[in-house]
Amino acid sequence: MHKFLIRSFVSSLVLLFTLTVAAVAKDVKAAFVYIGPTGDHGWTYQHDVGRKAVEAAGFKTTYVEGVPESADAERVLRQLANSGHDIIFTTSFGYMNPTNKVAKEFPNVKFEHATGYKREHANVSTYAARFYEGRTILGTIAGTMTKSNVIGYVASFPIPEVIRGINSFTLAAQKVNPNIKTKIVWAFTWYDPGKEAEAAKALIDQGADVIAQHTDSTAIVQMAEKAGVYAFGQASDMDKFAPKAVLTSVENNWGPYYVDRVKAVANGTWNQKDTWHGIGDGMVVISDLDSQMPADLRSKVKKLQADLASGKVHSFTGPIYDQKGNLMVAEGKTADDGMLAGMMTYVKGVEGDIPK
Amino acid sequence: MIKIVKRDQPSKAIFFFTPILAIFLTLIAGGIIFYILGFKPFEALKFFFIVPIADKYGFSELLLKATPLCLIAIGLSFCFKSNNWNIGAEGQLTFGAIVSGGVALLFYDQEGFYILPIVILAGAIGGMIYASIPAILKTYFNTNEILVSLMLVYVSKLILDYLVVGPWSNPEGFNFPETRQFSDSARLPLLFEGLRIHAGIFLALAAVVISWFVFYKTYLGFQMKVSGFSLKTAKYAGYKGKKMIILVFLISGACAGLAGVGEITGPIGQLHREVSPDYGFTAIIVAFLGRLHPVGIIFASLVVAITYLGAETAQIFMQIPKYTGQVFQGMILFFLLASDYLLFFKFKFIGTKK
């Protein structure tokens, strides 16, 4: 009985604390700038889920969707900074220069730019997620579930973020199945259901029986469902769009970070930083594992997930060789963040060349 | 009883009245849509059409947005007046931006007064080269210019993608799809400190004046008008059709190319994947709303520009989905086409006889 009392005492303390913070923080307003529609079920959708978490924490939020990375971004940012917002999250790479430009003019407003590298002013932070950790999980599943030993991968643009994902995925798949090959199709888009579906179909026609994706729409998992092959959801849990095909999804979970940063503004503790969080910090989340996966694979994945979170396992642990057989990471070593950030070579086992 | 009667001649007064009617009907329909969506219609319309331009900065943004639309629409009116359906201004804009951006990148670490004129000229030439493709294919191979110019839009965007991802990407930019920033000498000068409106607006105004002169004071303008009414008449009159087709496409391409220059050397300052939010397509609406008349196009470009700004403001302050801006653009075109019915028909009130 007294355990129950303590627990309820503690939880009411927590509740009280949250309420106090919420009451203090009422004045802080956060704004979000999105590249796509909030209903894309991918990149923007997940950022909006994060925004809702900020609302739930008691803060006011505003968002503008479908803001092109053209000259328009700067106007939207300035308008938000001008209309009483204290912190502005710009959630696409192309907002990098406008974000820094507007930040210079509004030193009292905090700016948070996703996936960029420029922090030209003290009020600009950058943040990104270690999605490659999620891809280590997907690679492990793909390498185990494939029968044809050909794995398809729909990629967006040849930038380090995407190359890193392909490598991390392939390394994990090779570890459980040394015979696999990863075939890449470059869609040259982040979001174009038609193109993505075509790319997936091309890969399936080439014998791929598991399809991974680094583009945002649900078209690929739906194509996989139709063709009777496996696939993985991207950015959000896409299971409901292709219940048979989707084995699991890698979810972008921005909520905790957003709440954390908005609270920091409210408390006056916000400072400039460059954040790169993975599974351990909960920014990358693995959805429920499909029951089609054998039980031992599922428990293996659970353990891998825990080890990635604790840091016991690193996605890029040597020896790692590039396509030509040159050593990239020595035995027993792991790739450092500098190498990961600039990764522009395929590892052994990936087919084809990086488009130049 | 009301009877619908065909007019003997299209009414000139109605010709200029229907765009205003179309805008008016759009406002009413827009208000109804806002009401159905659960917003206060007048408040929403206020945030859409008044708040965005209520201050100096907003007004500068309006002009910034209207500049490329006006410039492209003026160019397109040369084509449309003479029965040439250039749908690919977006591609000509993109290609102009590519060529002028390429030149600007050559000078990325240099300063000099001569850089900007070269960059601007390069953009106009780029647009002309790109517009000459559908023009030449039309005149010498009888291809359909609508399809060719439209398809070339996608080609130009892929070329731009390729360049900014690959050979032209910023060597210090971690392989992200963007070029270096241009040097200040390659940027169009700003007109006012703290505002984004730049010298590109003078290009648009020059285009307005020149086009007015050509349309109404020159033989070429007359030829275009006759060809617009009837190609057979033009042929019968002995006009050199091919030369004119190529000329109007080149003018149109140059204008679109200059609009591209204005974007990249104005507010953007570098090349990346998205240099234009489809100005080339929206300018088609502007050209028709402005009745292919230079002065009409100025007003039309301002009206359409405000639908972009208003959509942002309405979302920030009232959480109205931003895509309603596109709905407004669509409605303007729809009501314009619908009210054009009045050009050729009139309602006649006839007393009923018993």
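Select H41(A) to begin. H41(A) counts as buried because 21 C-beta neighbours sit inside 10 Å. The cut-offs: buried takes 20 or more other C-beta atoms within 10 Å of a residue's own, exposed 12 or fewer, and partly exposed lies in between, with C-beta atoms placed from the backbone. Check the backbone here: phi of H41(A) is positive, about 55 degrees, although the residue is not a glycine. H41(A) belongs to the loop between β1 (29–33) and α2 of chain A. Helices (H or I, at least four residues) and strands (E, at least two) are DSSP runs, numbered from the N terminus.

Before moving on, note that this is a predicted model, where local features need pLDDT of at least 70, side-chain atom pairs count only at pLDDT 80 or more, and totals for chains, interfaces and linings use all residues. Residues are numbered from 1 along each chain as its sequence is written, while chains are lettered from A and ligands numbered from 1 in the order in which they are written. The model scores ipTM 0.83 and pTM 0.85.

**Chain A: two domains**

Colour chain A by domain. Domain 1 is 17–129 + 254–277, and domain 2 is 131–251 + 316–341. These bounds come from an automatic or database domain assignment. The C-alpha centres of domain 1 and domain 2 of chain A are 29 Å apart. Nine residues of domain 1 of chain A and twelve residues of domain 2 of chain A make the contact. Contact here means C-beta atoms, placed from the backbone, within 7 Å. On the domain 1 side, helix α2 (residues 43–56) of chain A gives the largest share, three residues. By class, that side has four nonpolar, four polar and one charged. Nonpolar covers Ala, Val, Leu, Ile, Met, Phe, Trp, Tyr, Cys and Pro; charged covers Asp, Glu, Lys and Arg; the others, Gly among them, are polar.

Next, select G318(A) and P319(A). The peptide bond from G318(A) to P319(A) is cis, with omega near 0 degrees. P319(A) is in the loop between α10 (295–310) and β13 (320–321) of chain A.

**Between the chains**

Show both chains. Here 27 residues of chain A contact 21 residues of chain B. On the chain A side, β2 (60–64) and α3 (72–82) are the elements that give two or more residues. The largest share, six residues, is from α3(A). This side of chain A has 14 nonpolar, seven polar and six charged residues.

**Chain B: helices**

Go to chain B. Its average pLDDT is 91, and 99% of the residues score at least 70. pLDDT is the predictor's confidence in each residue, from 0 to 100.

Select α7 (residues 200–217) of chain B. Which residues of α7(B) are buried? They are G200(B), I201(B), L203(B), A204(B), A207(B), S211(B) and F215(B). They cover an arc of only 150 degrees around the axis, which puts them on the same side of α7(B). The arc is that of the directions from the helix axis to the C-beta atoms. The buried residues of α7(B) pack against α3 (56–81), α8 (219–229), α10 (241–268) and α12 (294–318) of chain B.

Move to α8(B). Its buried residues are Q223(B), M224(B) and S227(B).

Finish at L292(B), in the loop between α11 (279–289) and α12 of chain B. Its phi is near 55 degrees, positive in a residue other than glycine. L292(B) is buried, with 21 other C-beta atoms within 10 Å.

Conventions. Two residues are in contact if their C-beta atoms, placed from the backbone, lie within 7 Å.
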